[in-house]
Amino acid sequence: MAQLLKGAPAAAALTEALVQRSEALQSKGVTPTLAILRVGERPDDLSYETGAVKRCEKAKIAVRRFPLPANCTRETLLTTIQQINADPTIHGCLMLRPLPDPEAEWSACQLLDPKKDVDGITPSALGAVFTGRGSGYPPCTAQACIELLDFYNIPIEGKRAVVIGRSLVIGRPVSMLLQHRNATVTMCHTRTKDLPAICRQADILIAAAGQPQMVTANFTTPTQTVLDVGIHVDETGKLCGDTNFTTLSPISAALTPVPGGIGAVTTAVLAKHVIQAAEKM
């Protein structure tokens, strides 16, 4: 039976350290503040927003929400970004993605002030992730994978990692973060030939394909650590990930649950980035 890599203990450890830093800022008259920009009401966005708000409350971070309708215009979206940029009391911005309009999303990513980009969506932040140089914060979910591995003392250096997914949100940045830690990384996707066989070669498997429960027992081995960063709502209305937890848990060495795995750590990393942004400002 797989070791259960629960996110709550790792998130709690991160949050505990943030409270003191938040209190120190508030003693100087600065309230660390996160803006959450959401377009539409997708269930996974709403779930993440709820978790982020709860984590920020624990870390003594204020949250301001900017909900927009799914059919909002590009101009409305960009005007909201400009409003967030111009507000000196907002230290970080989380824009929930993907947006309904990919072109509008890219424009928003380019417009956001890099100093307030706490989720690694601006070109400068992604440049820092890929080059290992410069300022900027990595995408929170990608960084959460590294934080969770470290918390459970799972070695990264010298290990073979396979990442299923190539998005700029998770797949590509987590591949680079793993390489920065001296892992040998293979980045796959849903069109990779003989994907299960490639995944079975991994010491660390990260499922970030955006396909509900696509990773099944034939993807894993008894020595493998599996991180599931997917979040979906199944046909019964329950949250699930990119892995089929029921079939993987008897085989894998270690496995994250969904919910209760990477998501909790992701919101803690988000809170950490907001505190860091407030300290810099």
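**Pocket lining and sheet order**

Modeller: The second largest pocket is lined by P114, K115, T122, S124, A125, S135, G136, Y137, A277, K280 and M281. Please bear in mind that this is a predicted model.

Colleague: Which helices each supply at least two residues of that lining?

Modeller: The lining includes S124 and A125 as well as A277 and K280. Helix 5 spans 123–131 and helix 10 spans 262–280. The helices that each supply at least two lining residues are therefore helix 5 and helix 10.

Colleague: How many nonpolar, polar and charged residues does the lining of the second largest pocket have?

Modeller: Among the lining residues are K115 and K280, and Lys counts as charged. Gly counts as polar, and G136 is also part of the lining. By class, the lining has five nonpolar, four polar and two charged residues.

Colleague: How much space lies in the second largest pocket?

Modeller: Rolling a probe the size of a water molecule over the atoms shows where empty space is left. For the second largest pocket, the computed value is about 190 Å³.

Colleague: Turning to the sheet, which strands stand at its edges?

Modeller: Six strands form an open sheet with parallel pairing, in the order 1-11-8-7-5-6. Two strands have a single partner strand each, so one side of each is left without a neighbour in the sheet. These edge strands are strand 1 (3–4) and strand 6 (184–188).

Colleague: Which residue of strand 11 is the bridge partner of L4?

Modeller: Strand 1 and strand 11 run parallel and are joined by two bridges. Strand 11 (residues 254–255) is also joined to strand 8 by two bridges, again in parallel, and there V226 stands opposite L255. The bridge partner of L4 in strand 11 is likewise L255.

Colleague: What is the bridge partner of I206 in strand 8?

Modeller: Strand 7 (residues 204–207) pairs with strand 8 in the parallel sense, over four bridges. Within strand 8, the partner of I206 is L227.

Colleague: Are the residues on the two faces of strand 8 buried or exposed?

Modeller: In a regular strand the side chains alternate between the two faces of the sheet. In strand 8 (residues 225–228), T225 and L227 lie on one side, with V226 and D228 on the other. Both faces are covered, and these four residues are all buried.

Colleague: What is the geometry of the aromatic pair?

Modeller: The structure holds one aromatic pair. F151 and Y152 form this pair, at 5.1 Å centre to centre and with 85 degrees between the planes. Planes over 60 degrees apart count as edge-to-face, so the geometry is edge-to-face.

Terms used. Residues numbered from 1 in each chain as written. Predicted model: local features only at pLDDT ≥ 70, side-chain atom pairs only at ≥ 80, totals over all residues. Heavy atoms only, no water. Buried < 20%, exposed > 50% of the residue type's maximum accessible area, 1.4 Å probe, protein only. Pairing = 2+ DSSP bridges. 1 Å grid on protein atoms, 1.4 Å probe; cavity = no way out; pocket = protein on both sides within 12 Å on 5 of 7 lines; lining within 4 Å. Points joined across faces, edges and corners; volume = space filled by probe spheres on them. Phe/Tyr/Trp six-rings, centres within 6.5 Å; stacked < 30°, edge-to-face > 60°.
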